[in-house]
Amino acid sequence: MSSTIDPNRARLPSLKSLRAFEAASRLGSFAQGAQELSVTPSAISHQIHQLEDFLGVKLFERLAGRTLLTAEGKTYAREIEHAFGIISAATHLVSPQSQDKSFVIATGPSFAVKWLQPRLPGFLNSHPGIGIRISTLSSQDELDLGQFDVAIPYWPAHTSQNKAQPLIEERLRPLCSPALAEQKGLKTISDLSRVTLIHSANALTWTEYFRAIGHQNIVGDNGLWLDRSMMAIEAAVNGLGVVLESEFLARKELESGELIAPFEDDQHSIKATTYFLIKSPKAKNTSMIAAFTAWLEKEIKAHGDS
């Protein structure tokens, strides 16, 4: 065994400081973070000061008794929360005492926020005592790590290898705020050449979409690239441009009228099977997973998403 020290691992902050920062950033205050960790707020503050000294950047702004994350703090909080999720999922997989009545669902952040989380209370209320951890997938490579009981990936690269079951068929089409549609006079698909096109990380690029509907010469006035569907949908709601997105993920905004489909006929929409269900062969709680997948499929059919 090599005794060489990895310099990147040697320069890691203390776990105590990371736990203090993660709790304070997630809960929004030192006091609430302290309560969760059963320590004093001053102990949380001390640990975060140590972490800031270690990193050489300010993670929080202290203003009139309030603490707000800096830009660097927001970035670090997002990455640390993800790292803690990986550690928790790994612990769940190998620790017998953590597997009694809980399981891990791995999925993309947009699906988790826009569809799964709002519906989970229905499952939890009908299955008391079950614990669920949602671990967000940053890339398809994380599927190979197997740190989940059930995965709901978006457009997986190796569906046959992972024995993925097709789960959801999306309809993708241009969506925008009513105000933008009126301001830009969006009547025909060619009018998109006069707007900012919002690009999202989904199954279809704008270039592929225009080619598929026979209008490959259209180029937007400007472009805005966002790497999450939930961010792209929010940008469209705020009138920043027209997004090529899923009616499935944007259902709440479409039903509330925050977004509309300016070109409603079917020839301006594209269907694609994009979400898949993968059950880990290492999963221990097979009865709970069977109950969850049955509930999931029922929910999807009930809302016309399959």
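Which residues of the largest nonpolar core touch the most other members? The legends below take this up in a predicted model.

**Close-up 1. The largest nonpolar core has 37 residues.** Phe103, Phe111, Leu116, Ile152, Tyr275, Phe292 and Leu296 touch the most other members. Several elements each supply at least two residues of this core: β3 (102-107), α6, β5 (150-152), β6 (165-175), α9, β10 and α11 (286-302). The most comes from α11, which gives 6 residues. In soluble globular proteins, nonpolar side chains tend to be buried together.

**Close-up 2. Leu116 and its contacts.** Leave aside residues up to four places away in sequence, and Leu116 touches Ile105, Thr107, Phe111, Ile134, Phe292 and Trp295. Phe111, Leu116 and Phe292 are among the core residues that touch the most other members.

**Close-up 3. A second core is separate and has 18 residues.** Trp206, Val242, Phe263 and Ile270 are among its members.

**Close-up 4. Helices α6 and α9 cross at roughly 60°.** Helix α6 spans residues 109-126, and helix α9 spans residues 229-237. Their axes come within 8 Å. The two helices are therefore oblique to each other. On the α6 side, Pro109, Ser110, Val113 and Lys114 make the contact. By class, the contact has 4 nonpolar, 2 polar and 1 charged residues.

**Close-up 5. Phe30 and Phe60 form an edge-to-face pair.** A search of the whole structure finds 16 aromatic pairs, and this is one of them. The ring centres are 5.1 Å apart, with 90° between the planes. Phe30 lies in helix α3 (residues 30-37) and Phe60 in strand β1 (residues 60-63), so the pair ties together parts that are 30 residues apart in sequence. Phe30 counts as buried, at 11% relative accessibility. Phe60 is buried too, at 4%.

**Close-up 6. Phe248 pairs with Tyr275.** The ring centres are 5.6 Å apart and the planes meet at 65°, so the pair is edge-to-face. Phe248 lies in the loop between β9 (242-246) and α10 (251-256). Tyr275 lies in strand β10 (residues 270-279). The pair therefore ties together parts that are 27 residues apart in sequence. Phe248 counts as buried at 6% relative accessibility. Tyr275 is buried, with a relative accessible area of 3%.

**Close-up 7. Ring pairs build a cluster.** They link Phe111, Trp115, Tyr154, Phe248 and Tyr275.

Technical notes: Residues numbered from 1 in each chain as written. Predicted model: local features only at pLDDT ≥ 70, side-chain atom pairs only at ≥ 80, totals over all residues. Heavy atoms only, no water. Axes fitted to C-alpha atoms, helices over the stretch in contact; angles between N-to-C directions. Helix = DSSP H or I, 4+ residues; strand = E, 2+ residues; numbered from the N terminus. Parallel < 35°, antiparallel > 145°, perpendicular 65-115°, else oblique. Contact = heavy atoms within 4.5 Å. Nonpolar A, V, L, I, M, F, W, Y, C, P; charged D, E, K, R; others polar. Phe/Tyr/Trp six-rings, centres within 6.5 Å; stacked < 30°, edge-to-face > 60°. Buried < 20%, exposed > 50% of the residue type's maximum accessible area, 1.4 Å probe, protein only. Core = buried A, V, L, I, M, F, W, Y, C linked by side-chain atoms within 4.5 Å.
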